[in-house]
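Hi,

Here is the structure we talked about handing over. My notes follow below it.

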There are 2 protein chains.
Amino acid sequence: MKLTTKGRYAVTAMLDLALHFDKGAVTLADIARRQGISLSYLEQLFAKLRRGGLVDSVRGPGGGYNLAVPPSKITVAEIIVAINENIDATRCGGEKNCHGDQACLTHQLWEDLSVRIYEFLHGITLADLVSKPQVQQVASRQESRVPATITR
Amino acid sequence: MKLTTKGRYAVTAMLDLALHFDKGAVTLADIARRQGISLSYLEQLFAKLRRGGLVDSVRGPGGGYNLAVPPSKITVAEIIVAINENIDATRCGGEKNCHGDQACLTHQLWEDLSVRIYEFLHGITLADLVSKPQVQQVASRQESRVPATITR
DNA sequence: ACATTCCTGACGGCTTTAGTCAACTTTAAC
DNA sequence: GTTAAAGTTGACTAAAGCCGTCAGGAATGT
């Protein structure tokens with residue numbers, strides 16, 4: 001389980017999609033504006049999300065992205081896994097050859113931790129996040145915002 | 001809570017110290033040989049561990065490093081915190097200004113996760129790790145090893 | 001046709017990681 | 001008191017990953 005800002009961007013973007021789940025396709029430009037993420041970077045992230053089967057895309061005018069399944073069926077862990085193709089927290093990638101030909105001293109520790117983190121994030125769906133008061137509060141503020149100018 | 005290979009190196013090295021807790025000072029050269037970590041890199045890590053008060057150093061011949069307190073008093077979380085001076089998993093460093101002037105949508109999520117990871121790692125001491133059969137098994141193999149040549 | 005939007009690949013700056021090298025200080029042992 | 005073992009510090013490099021930009025292309029509704 002690798003946790004970087006990349007994964008955080010992805011979860012934020014997916015949460016934005018979840019907030020507009022029943023309102024038709026959402027363009028990346030909208031997400032970029034609302035969440036303050038560069039459009040081109042979003043394009044990269046969504047390419048992976050699409051390959052991971054988490055979102056559906058609609059081309060052409062009026063197009064955009066939609067969640068492939070309802071928010072209650074998508075967990076945070078799935079999003080992060082789709083973004084970071086390498087998932088293991090261990091040094092050896094599960095090969096247990098971290099140290100020469102043998103497992104390193106702390107191999108088991110990182111494996112345990114990895115499982116814990118995964119379980120935590122797997123227990124949280126987008127629907128869970130949407131229902132949080134804090135999220136709704138921030139979201140409503142974003143709706144009423146003056147659109148900023150978007151580069152490219 | 002930032003989890004990188006850097007932190008893993010540090011925990012592995014500290015575990016090595018814990019395994020030799022009652023046997024006098026341990027040189028970095030020994031750790032480098034046993035754990036397959038570059039000596040110069042260990043020097044950097046132990047400078048931080050020393051500043052963090054986790055280890056004591058003894059200079060001169062016969063010198064080396066010792067745990068500053070018994071293994072049962074040192075948690076994995078402390079080690080990682082000492083190594084990565086920045087601890088927060090959130091984008092804004094607790095400032096809650098992740099997105100312009102307001103907290104980003106997922107601020108709370110990362111804060112929660114951060115706490116979870118910290119609690120997990122704070123619940124594991126070096127003594128816990130030492131008592132694990134797997135660790136002892138790997139450790140005993142390392143003791144009987146032919147010393148490899150060390151560069152510089 | 002045309003504008004909109006997704007899609008793809010290449011590229012560059014930046015930070016972090018991992019490791020190297022060199023010089024220095026302390027101190028035990030001879 | 002010399003010497004050698006060890007820690008201490010700082011500068012440096014190479015590689016990787018992150019973040020973002022740019023340029024073009026493909027699909028598609030109007």
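Start with Arg59(A): one of its polar side-chain atoms sits 2.4 Å from a sugar or linking oxygen of DNA strand D. Bear in mind that this is a predicted model.

Two further residues reach the phosphates of strand D. The side chain of Ser38(A) has an N or O atom 3.3 Å from a phosphate oxygen of DNA strand D. For Arg50(B), a polar side-chain atom is 3.2 Å from a phosphate oxygen of DNA strand D. Elements giving two or more residues to this surface are α1 (5-19) and α3 (39-51) of chain A, plus α3 (39-51), β1 (55-58) and β2 (64-67) of chain B.

By type, the surface splits into 8 nonpolar, 12 polar and 7 charged residues.

Now the protein–protein interface. Chain A puts 43 residues in contact with 42 of chain B. Together they bury about 3,700 Å², 64% of it on carbon and sulfur atoms. There are 2 salt bridges between chain A and chain B. One of them joins Lys132(B) to Asp112(A), with the closest N and O atoms 3.7 Å apart.

On chain A, the elements giving two or more residues to this side are α1, α2 (28-35), α4 (76-83), α5 (107-122) and α7 (133-143). The largest share, 9 residues, comes from α5(A). That side of chain A divides into 21 nonpolar, 11 polar and 11 charged residues.

Best wishes

How values were computed:
Residues are numbered from 1 along each chain as its sequence is written. Chains are lettered from A and ligands numbered from 1 in the order in which they are written. This is a predicted model: local features need pLDDT of at least 70, side-chain atom pairs count only at pLDDT 80 or more; totals for chains, interfaces and linings use all residues. Side-chain values use heavy atoms; hydrogens and water are left out. A polar contact is a pair of N or O atoms within 3.5 Å; within protein, one must be able to donate a hydrogen and the other to accept it, and residues adjacent in sequence count only if both atoms are side-chain atoms. Helices (H or I, at least four residues) and strands (E, at least two) are DSSP runs, numbered from the N terminus. Ala, Val, Leu, Ile, Met, Phe, Trp, Tyr, Cys and Pro count as nonpolar, Asp, Glu, Lys and Arg as charged, and the others, Gly among them, as polar. Contact means heavy atoms within 4.5 Å. Buried area is the accessible area (1.4 Å probe) that two parts lose on being put together, summed over both. A salt bridge is a side-chain nitrogen of Lys or Arg within 4 Å of a carboxyl oxygen of Asp or Glu.
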